[in-house]
Amino acid sequence: MTLNILEYHSFVNESMDPKSATANIIEIVTNGVGWIDPDYAIEMFMDLTGIPGDDQRVDSMLAALADLDLLYYEDE
């Protein structure tokens, strides 16, 4: 059930502007686990904005997360 809600939420917010998407990701991470894998952050940003992963705005989002020490790779 949660998967369907997340897919719908992503569809609704696909045109979110990059600053709002970055703020949204920061809020989700700080209220949740406290860190996020960079690959998942990129995927989440692309879902929220519709911007391709190789865009400079994705790098800006990752830099904002790194400045707040929110980026960590998951153990494999």
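Reply: Happy to. Let's begin with Asp69, which lies in the segment after helix 4. Keep in mind that this is a predicted model.

Me: Okay, is Asp69 buried or exposed?
Reply: Asp69 is exposed, because its relative accessible area is 53% and the cut-off for exposed is over 50%.

Me: And what about the phi of Asp69?
Reply: Asp69 has a positive phi, about 55°, although it is not a glycine. As background, most residues other than glycine have a negative phi.

Me: How far is Asp69 from Trp35, C-alpha to C-alpha?
Reply: Their C-alpha atoms are separated by 7.7 Å, while Asp69 and Trp35 are 34 residues apart along the chain.

Me: Let's zoom out. How many helices and strands are there in the protein?
Reply: The protein has 4 helices and 0 strands. Along the sequence, that reads as the pattern α-α-α-α.

Me: What share of the residues counts as buried?
Reply: 30% of the 76 residues count as buried. The accessible surface of the protein is about 5,400 Å², and 54% of that belongs to carbon and sulfur atoms.

Me: Now the contacts: of those between residues at least 6 apart in sequence, what percentage joins residues at least 24 apart?
Reply: That comes to 62% for this protein.

Me: On to the packing. At what angle do helix 3 and helix 4 pack?
Reply: Helix 3, residues 38-49, and helix 4, residues 56-67, pack at about 130°, and their axes are 10 Å apart. Helix 3 and helix 4 are therefore oblique to each other, and helix 3 passes helix 4 in a right-handed crossing.

Me: Which residues meet there?
Reply: From helix 3, Pro38, Ala41, Ile42 and Phe45 meet Arg57, Val58, Met61, Leu62 and Leu65 of helix 4. By class, that contact has 8 nonpolar residues, no polar ones and 1 charged.

Me: How about helix 2 and helix 4, what is their angle?
Reply: Helix 2, residues 18-31, packs with helix 4 at an angle of about 35°, and the axes are 10 Å apart. Helix 2 also passes helix 4 in a right-handed crossing.

Me: Which residues make the contact between helix 2 and helix 4?
Reply: Helix 2 brings Pro18, Thr22, Ile25 and Ile26, and helix 4 brings Arg57, Met61, Ala64 and Leu65. They divide into 6 nonpolar, 1 polar and 1 charged.

Me: That leaves helix 2 with helix 3. How do their axes cross?
Reply: The axes of helix 2 and helix 3 come within 10 Å and cross at roughly 135°, so helix 2 and helix 3 are oblique to each other. Helix 2 passes helix 3 in a right-handed crossing.

Me: Who is involved on the helix 2 and helix 3 sides?
Reply: On helix 2, you have Pro18, Ala21, Thr22, Asn24, Ile25 and Ile28; on helix 3, Ala41, Met44, Phe45, Leu48 and Thr49. The contact of helix 2 with helix 3 has 8 nonpolar, 3 polar and no charged residues.

Me: Which residues is Ile51 in contact with, leaving aside its neighbours within four places in sequence?
Reply: Ile51 is in contact with Pro18, Phe45, Met46, Arg57 and Val58.

Me: Great, thanks for the tour!

Terms used:
Residues are numbered from 1 along each chain as its sequence is written. This is a predicted model: local features need pLDDT of at least 70, side-chain atom pairs count only at pLDDT 80 or more; totals for chains, interfaces and linings use all residues. Side-chain values use heavy atoms; hydrogens and water are left out. Axes are lines fitted to C-alpha atoms, for helices over the stretch in contact, and angles run from 0 to 180 degrees between N-to-C directions. Helices (H or I, at least four residues) and strands (E, at least two) are DSSP runs, numbered from the N terminus. Angles under 35 degrees count as roughly parallel, over 145 as roughly antiparallel, 65 to 115 as roughly perpendicular and the rest as oblique. A crossing is left-handed if the near helix is turned anticlockwise from the far one by less than a right angle, and right-handed if clockwise. Contact means heavy atoms within 4.5 Å. Ala, Val, Leu, Ile, Met, Phe, Trp, Tyr, Cys and Pro count as nonpolar, Asp, Glu, Lys and Arg as charged, and the others, Gly among them, as polar. Buried means under 20% relative accessible area, exposed over 50%, partly exposed in between (1.4 Å probe, protein chains only). Accessible areas come from the Shrake-Rupley method with a 1.4 Å probe; for residues, only the protein chains shown count as cover.
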